[in-house]
Amino acid sequence: MKLTVCWKWVTVDGGEPDDRWAGVSPADEAALETALTVAAADDEVVVVSAGPPGAVAALRRALAAGATRAVRIDTDGAASRDVATAVAAIAAGSDYVLCGDYSLDRGTGSVPAFLAADLGAAQALGLVSVDVTRRPVRVVRRLDGGRREVLDVPAPAVLSVEGSVARLRRASLAASLASNSAPVDVVGGPPRSEQVAVVTAYRPRARSLPAPAGGTLTRVRDILDIGGEPVHSESVTLDPPAAARRIVDQLRDWGHLPA
Amino acid sequence: MPDPDVDVVVVGAGPAGAAAATVLARAGHSVILLERGPFAGSKNMYGGVVYPRILDQLHPQWWEDAPVQRWITRRSTMVLTDDQALTVDFRSERWGRPPFNGATAYRPDWDHWLAAKAQADGATLVCSTTATGLLREGGQVVGVTTDRPDGDLRAHVVIACDGVNSFLAKEAGMYGEVDAANYTVGVKETIALPKDVIDARFGVRGREGQDIEILGGTGGVNGGAFVYTNLDTLAVGCVLKLPKLSAQALRPEEIIDGLKRHPAIRPLVEDGEVKEYSAHVIPEAGLSMMPQMTGDGMLVAGDAAAMCLAAGIWLEGVNFAMASGMYAGEAAVEALAAGDASAAGLAGYERRLRDTFVLRDHRKLRRAPELVLSDRVQHLYPEMIANTVERMFRVDNPAPKPGLRRIFSDERRRAGVTLRDLARDALDGLRSFG
């Protein structure tokens, strides 16, 4: 069986790539631990990271923990669409691809989705537990409102786990020492993306609402949402194009997208 | 005895450990430098000034790539009372050009840089790994245990550079009874301000910086205070004697707060943003608290050997750490060449310490820490000195000017300092600093 683990290496302060202030998220580490737990003795666990040479230190840590092979895709600041294509070439033939559900820079989580599309694999994200003793693997997803979804995910699949799923095992001293000189494969990667993503804090768009009606108490109740039925979510059944339109419209209504 | 995994294990990748590893690696020995933090320097803390002259021997032209914040070209000693401040201020342009004197630097930069040099020379740095104890055979130390699975590491020599409160030196029985009175706690805030604001407030330019050492300003707790300039931050803090700190109600951060509100300090630090608060124990008693430094198969260097010089005028530690680490490395090289890692084989270490500034400074200044932290120097003299100077500069017309001797004599009496105590302290001071 082949398992691939994707690590997003992030320079924390955003300055010069400096190994001291860089690393991967606990979720990424949990992804590796999950893969190591799933893997039998003769299974292959490949850890792949797209990043500058500084990412090698993190990949060597993965090798010390027990990964069988580490690959660095040589790139810096490439678009996630292109990164996913490069990762898919390495992950091809994997039964499961494991990703962290969030990266240190709290990215968009788009790489696992692109990756699943490229590999023709199923995708499950926001996993709070992975039962690796079952085949197919049984996972529990986090949903809104404290609810959970239990899924049996047949291979091939891309699974994104939260950091609480597992804690990366401590490498033995001998493995740590050996990993200092362990080889990390390097493959060419996509160029830096010209498209600059500007991430700003979420500010809801101003919306026009009807003038308040009723007495003070009613208005306070309305503002605080007291007395009404709580609305957690809404289920609709639509064909894919209509569903996509509905999602975009809703995001626009909430102010996440420009009007 | 099974073959060791490595010639020497150095525990702790601070300045002492990095220097020891460098010497050993250059001599062609296999050496593992263990560091409990995720990188060298990540766990370390000090006030902020380093005097790297000793590096001329280990890394000539070290200033060309040393991660320095500012070169100290302005050295000030300040005496504070509640509402007075007397500053003796010295500046020298010579300290701002090679071969330099002192510098401010961040430890995560400085220690990382030194450890990288040891690695470049061939030492193996293993981070995120804590030495949890000693491996012993008979009386001989033959390695360390670590917190990693299968973590035993056997070596001919173990050099403990594991900092103040060294668990390894204690486990080896090299420390006597530990007395809290020998320790201070250093507390520090790192306060961000734009570089041009720091330049203007401290009267420095470019990479020049100021070092202000303060007597008083510690909320009545025996100790000292400091303000150091980094490039775009200030290090502001206090060093507080432990028994005195625990005997009163103020917390260390409240004492720093009081210091920052003092009329002489406030204009320097106001509007800054506190980026970091940190605290660390300091071995402050000098020679009198030093442990046995050589054992069979083991050497102790740096703060682990209490090599911190807290002598008021001179406040040094990193240079003693780098020197003692270097000498420990040299002694280990000698011992390995002779095939004798016993205490006798490692005797070159203490000989080097005795023959150089490391122990000579400490011996000469052995009375200084006690004197500097004594109740009279801490609580009576600042008032006496500041009041004397205030009266000296005060114009009391129509009263005629009193003579300086008269003023001093008045103020000495008012502060409750007897001539006998003053003479005794002066003699002690002369013996130490003279």
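Where is the place of B:Phe100 in chain B? B:Phe100 is located in the loop that runs between β5 (85-91) and β6 (103-104) of chain B, where helices (H or I, at least four residues) and strands (E, at least two) are DSSP runs numbered from the N terminus. The structure is a predicted model, in which local features need pLDDT of at least 70 and side-chain atom pairs count only at pLDDT 80 or more, whereas totals for chains, interfaces and linings use all residues. Residues are numbered from 1 along each chain as its sequence is written, chains are lettered from A and ligands numbered from 1 in the order in which they are written, and side-chain values use heavy atoms, with hydrogens and water left out.

The backbone of B:Phe100 has a phi near 65 degrees, a positive value in a residue other than glycine. B:Phe100 counts as buried because its relative accessible area is 10%; buried denotes under 20% relative accessible area, exposed over 50%, and partly exposed in between (1.4 Å probe, protein chains only). A positive phi, near 50 degrees, is also found for B:Ser128, again a residue other than glycine. B:Ser128 belongs to the loop between β7 (124-126) and β8 (131-137) of chain B, and its 30% relative accessibility places it in the partly exposed class. Most residues other than glycine have a negative phi, and most peptide bonds are trans.

In chain B, a cis peptide bond links B:Asn397 to B:Pro398, with omega about 10 degrees, and B:Pro398 is part of the loop between α13 (375-393) and α14 (404-415).

At the level of the whole chain, chain A contains seven helices and 11 strands. The C-alpha trace of chain A spans about 75 × 45 × 35 Å along its principal axes. Of the 259 residues in chain A, 37% are buried. Contacts (heavy atoms within 4.5 Å) were also examined by sequence separation: among those in chain A with a separation of 6 or more, 69% are between residues 24 or more positions apart. The accessible surface of chain A amounts to about 14,900 Å², 54% of it belonging to carbon and sulfur atoms; accessible areas come from the Shrake-Rupley method with a 1.4 Å probe, and for residues only the protein chains shown count as cover. Chain A carries 28 positive and 31 negative charges, the mean positions of which are 4 Å apart. In this count Lys and Arg are positive and Asp and Glu negative, while His and the chain ends are not counted; each charge is placed at NZ of Lys, CZ of Arg, CG of Asp or CD of Glu.

A:Glu162, in the loop between β10 (157-161) and α5 (173-179), is classed as buried because its relative accessibility is 13%. Beyond its neighbours within four places in sequence, A:Glu162 is in contact with A:Ala27, A:Ala30, A:Asp101, A:Gly126, A:Leu127, A:Val128 and A:Arg142. A:Val111, in helix α4 (residues 110-119), is partly exposed at 21% relative accessibility. With neighbours within four places in sequence left aside, the contacts of A:Val111 are A:Ser80, A:Val83 and A:Ala84. The C-alpha atoms of A:Val111 and A:Asp82 are separated by 8.9 Å, the two residues being 29 residues apart along the chain.

In chain B, B:Leu55 is found in helix α2 (residues 55-58) and is buried, with a relative accessible area of 1%. Residues up to four places away in sequence not being counted, B:Leu55 touches B:Pro60, B:Trp62, B:Trp110, B:Trp113, B:Leu114 and B:Met322. The C-alpha atoms of B:Leu55 and B:Gly151, which are 96 residues apart along the chain, are separated by 33 Å.

Surface patches were identified on both chains. Patches are made of residues with over 30% relative accessible area and no salt bridge, like charges being joined within 9 Å and nonpolar side chains (Val, Leu, Ile, Met, Phe, Trp, Tyr) within 5 Å; a salt bridge is a side-chain nitrogen of Lys or Arg within 4 Å of a carboxyl oxygen of Asp or Glu. A:Val220, A:Ile223, A:Leu224 and A:Ile226 make a nonpolar surface patch of about 410 Å². Within this group, A:Ile226 is in the loop between α6 (216-224) and α7 (240-254) of chain A and is partly exposed at 48% relative accessibility. A patch of positive charge on the surface is formed by B:Arg354, B:Arg363, B:Arg366 and B:Arg367. B:Arg366 is in the loop between α11 (357-364) and α12 (368-372) of chain B, and its relative accessibility of 41% makes it partly exposed.
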